[in-house]
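Please consider the structure shown below.

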Amino acid sequence: MPAPHLLDDIDAALAAACQRLALPAYRAKQVRKWLLEKRAQGWDTMTDLPKALRTQLEGEFQLWTAEVAKHTAADDGTEKLLLQLAGGGRIECVLLRENIGKRAKEVESPASLAPEGRRRTMCISTQVGCAMGCVFCASGLDGVDRNLTTGEIVEQVLRLQHRLGPEERLSHLVVMGMGEPLANLDNLLPALNEVSRPDGLGISPRRITISTVGLPPAIRKLARSEDGSRYRLAISLHAPNDELRNRIVPVNKNIGVEAVMAAADDYYTVSGRRLTFEYVLLAELNDQPEHAHQLVGLLKSRNALLNVIPYNPVEGLPYRTPTMEAQQRFRTILETGGVEVRFRHRKGDKINAACGQLRRSTPPSVVPITSNL
């Protein structure tokens, strides 16, 4: 297991250091502000701390435990980091940039957006690999090694925040990277608490989304937890019936669509937040008219949004993106049936940073734009 991370519990670690070093308590608040709000990348930039104290604290704490093994950038503004973890293993996390239109800005609270309506979303991981085995996803190709610590989760957010320009700020966070978030709730929830605290990154819980393949006991645990029901829940459905879902999401054999939907309903009852269901559209597998009609039956009576994600190709996997004609046919059936549906636009697919493409290393055939951080 990795050594304790300063970011595992920054308040407790800094409070202990202040007591041990006979420092006033306000020094801990200064350090916290520098790390989480001012995007400090090292002790030397914390200029309102005496130089001698900075040197002392540098001897006490290692700010960053992960090494940026690769930084990749796409021409649509997407950036991806491949992190080598001190505790072993590699993970990927992504920064997505989107300029939203006037209509979308009217729906969003102005406080949620970067200047001029620019949305900045970070996608983070919770495990080294993934055990869920979704057949189209690169993250689970080698199974799962371990859970990330709270500090390793927070560090991803801060590392990505360093990639923002001075005029940019984080507006949304999605826990949709490598791993099954609900299999690591004990470490994830404290990390999200840091992100959402006013003296943290200040992201509203309404703009933090936790994605799950659908583990009913864990969904209910999330709903019962003190902070869990504050966040949005996205369930990766990918099929409207058990026969097909067993093929696409193998863990469904021990769960079943009915149990997933019942747990989702329980979460909605507790949180009052509209549910989101994710559906990766695979050519000639789950994109047929009968599948769309079955989805209508599942969702039309629920307060839910269906995010349809046309498949993002993964090297070495045989699946294909449906034709535009097939996508439009699928969409028409859903909308006619009364389902609120959104087709997600690709971002970052050219650098393997799109949904389902995150993995532990960059495939040899990908030639990324790299830079030294």
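## Burial of helix H10

The structure is a predicted model. In helix H10, which spans residues 289–299, the buried residues are His291, Ala292, Leu295, Val296, Leu298 and Leu299. These residues lie on the same side of H10, because they cover an arc of only 165° around the axis. His293 and Gly297, on the other side of H10, are exposed.

## Aromatic pairs

Three aromatic pairs are found in a search of the whole structure. One of them, formed by Trp43 and Phe61, is stacked, with 6.5 Å from centre to centre and 25° between the planes. Trp43 belongs to the loop between helix H2 (26–36) and helix H3 (51–60), and Phe61 to the loop between H3 and strand S1 (67–73); the pair thus links distant parts of the chain, 18 residues apart. Trp43 counts as buried at 5% relative accessibility, and Phe61 counts as buried at 14%.

Tyr279 and Phe330 form a tilted pair, because their ring centres are 5.5 Å apart and their planes stand at 35°. Since Tyr279 lies in strand S10 and Phe330 in helix H11, this pair ties together parts that are 51 residues apart in sequence. Both Tyr279 and Phe330 are buried.

## A charge over a ring

Lys38 is placed over the face of Trp34, at 4.3 Å from the ring centre.

Notes:
Residues are numbered from 1 along each chain as its sequence is written. This is a predicted model: local features need pLDDT of at least 70, side-chain atom pairs count only at pLDDT 80 or more; totals for chains, interfaces and linings use all residues. Side-chain values use heavy atoms; hydrogens and water are left out. Buried means under 20% relative accessible area, exposed over 50%, partly exposed in between (1.4 Å probe, protein chains only). Helices (H or I, at least four residues) and strands (E, at least two) are DSSP runs, numbered from the N terminus. The arc is that of the directions from the helix axis to the C-beta atoms. Rings of Phe, Tyr and Trp (its six-membered ring) pair if their centres lie within 6.5 Å; planes under 30 degrees apart count as stacked, over 60 as edge-to-face and the rest as tilted. A charge sits over a ring if NZ of Lys or CZ of Arg is within 6 Å of the ring centre and within 35 degrees of the ring normal.
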